[in-house]
Structures are given as structure tokens and as C-alpha cells.
Amino acid sequence: MSERKVLQKYYPPDFDPAAITRTRGPKPVGPKVQTVRLMAPFSMKCTSCGEYIYKGRKFNARKETTDEKYYSIAIFRFYIRCTRCSGEITFKTDPKNMDYECEKGAKRNFEPWRLGGGVKEESEEERLDRLEAEEAEKDAMGELEGKMVDAKREMQIADALDEIRTRNARNERVGKDGEIEVGAKDERDLEREAAEKEIEEAARRAFTTETGERVRRIGDEAEAGLGISGNLEANTADAELMPPPSFKRGIKRKKDFSAALGIKKKVALV
């Protein structure tokens with residue numbers, strides 16, 4: 001087993017370092033090519049042998065940077081080999097459709113941009129017209145939203161003004177003589193007060209005589225007098241029977257637990 005880190009190297013006896021010449025060649029011209037590991041971005045069928053290659057199959061591919069660009073986005077080309085006949089298959093990136101485009105060696109099984117019935121490529125003028133129409137539609141929608149906000153604000157202001165007018169009309173009303181009655185009462189309050197006055201007047205007439213004296217029951221005065229005197233006598237009798245309060249501290253006698261414990265006391269002989 002060799003060492004992981006080589007600290008010493010073997011030089012043969014006939015090694016001459018002066019014989020080693022350093023050469024500088026020209027830089028490679030053309031597109032940059034590098035080997036990458038990728039998965040098939042779409043399912044395809046090889047045109048040489050008819051082998052189906054499913055999406056997600058891994059390949060060791062050569063990646064090439066092309067001179068083509070889409071709005072300053074570089075386009076890359078990939079070279080892979082068929083797993084059955086080793087035929088070369090080429091595809092490249094398609095930034096416009098956010099997908100990949102198969103160039104040669106295979107055929108895609110499914111092309112999503114053909115679902116819409118083959119939408120034709122729009123020109124620069126058509127694209128500019130479409131963008132202007134979208135901007136105009138956005139401006140119209142923004143204007144409509146602004147009008148709706150203004151109308152809502154106006155409705156809120158009108159409701160607030162109506163509420164203020166109603167409160168002022170309720171608190172300040174002009175009388176017949178032209179004087180302002182501050183704090184005038186509402187019609188409902190006036191009706192309630194008038195009904196209460198009528199009830200009080202009817203009760204007063206029912207319990208008064210023709211001369212204006214108040215009607216009383218026969219035993220009201222006697223019961224009132226007897227009740228007062230009886231209460232006074234009962235209170236005095238209770239006060240006489242109750243002993244006066246004493247704040248003297250009493251002596252607490254100790255309990256005798258000798259009988260419970262089975263201890264017998266000796267009787268004194270003397």
C-alpha cells in the first residue's frame with residue numbers, strides 16, 4: 001500500500017534535469033469544451049437504432065459554449081452517446097422556452113410548446129405592441145382602483161357629516177320665538193316624562209279626599225305606636241338579662257391523662 005502523502009520521490013541515476021525543456025504552445029482556439037455529468041433533460045428516441053432514453057438517465061457529456069446568445073444569455077450545447085449503438089446525440093439549451101432543444105441523433109417524444117397548436121414566433125413589433133397593450137391595461141386597472149378608493153372615501157365623509165348633523169340637531173333646536181334651546185330633550189324623553197306625570201297625578205287623586213287630605217287606614221297610627229313601644233321594651237329587657245362583659249384572663253386547668261395511660265396513683269397514708 002502506497003503512502004497517501006508522498007514525501008520522497010525516486011530519481012533514476014541517469015536523470016538529467018537540464019534535458020527537460022519548457023514549451024509554451026498557443027492557446028486553444030474555438031469553443032470551450034469540458035466534460036460534465038448530467039441527466040437527460042427529456043425523454044428521447046435514438047434515430048439510429050430506435051433506443052428509448054428516458055428522462056433522468058445519467059451520461060458523461062461534453063459541454064460546449066456556443067457563440068449564440070438570447071438577450072445576453074449564453075447558450076450551451078451538450079454531446080452524449082446512445083446507450084445501445086453509441087451514436088452521438090446533440091442538444092442545446094433554449095432560454096426562450098425555458099427548455100432544451102434536440103438538434104441531431106435523437107427525436108423528442110414530447111414537445112410541450114406544440115400543445116397550443118403550434119404558436120408562431122412573434123416579431124419585435126408584435127412583442128412591443130403586446131407590451132404596450134399590457135401596460136395600458138394595467139394603467140386602466142390602476143385608474144379604476146383609484147376611482148373606487150375615492151368613492152369609498154367620499155361615502156365615509158358623507159356618513160360622518162350626516163352623523164354630526166344629526167347629533168347637532170338633537171342637541172340644539174330652534175324654538176318658535178327664534179331662541180336657541182341648548183340641551184333640548186328628545187321627543188321620546190318628553191313623552192316618557194308626560195306619561196310618568198299622568199300616573200303620579202292619577203295616584204295622588206286616588207289617595208286624597210275632596211278637601212285635599214291624604215287617605216290613611218284606621219290602624220296605621222295605632223300599629224305604628226305599638227310597634228315602636230314594644231321594640232323599646234324588648235330591647236331594654238334583653239339588655240338587663242345579659243351580664244356585663246368581662247376581660248379578665250381565666251386559668252386553664254390541665255387535663256389528667258393518667259387514667260388513659262393506665263397509671264394508678266398511690267393514696268396518701270397521712
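In which order do the five strands of the open sheet lie?

1. The order is β1-β4-β5-β6-β7, with antiparallel pairing; strands are DSSP runs (E, at least two residues) numbered from the N terminus, and two of them pair if DSSP finds at least two bridges between them. The edge strands, β1 (33-39) and β7 (99-104), each pair on one side only.

2. This is a predicted model, in which local features need pLDDT of at least 70 and side-chain atom pairs count only at pLDDT 80 or more, whereas totals for chains, interfaces and linings use all residues. Residues are numbered from 1 along each chain as its sequence is written, and side-chain values use heavy atoms, without hydrogens and water.

3. Strand β6 (residues 88-94) is joined to the antiparallel β7 by five bridges. Asp 94 has Asp 99 of β7 as its bridge partner.

4. Arg 77 belongs to strand β5 (residues 73-81). With 14% relative accessibility, Arg 77 is classed as buried (under 20% relative accessible area; exposed is over 50% and partly exposed in between, with a 1.4 Å probe and protein chains only). Its side chain and that of Glu 103 are joined by a polar contact of 2.8 Å (a pair of N or O atoms within 3.5 Å, where one must be able to donate a hydrogen and the other to accept it).

5. Two charged residues are placed over rings (NZ of Lys or CZ of Arg within 6 Å of the ring centre and within 35 degrees of the ring normal). The charged end of Arg 62 is 4.5 Å from the ring centre of Tyr 79, and Lys 63 lies over the face of Phe 76 at 4.4 Å from the ring centre.

Terms used. Helices (H or I, at least four residues) and strands (E, at least two) are DSSP runs, numbered from the N terminus.
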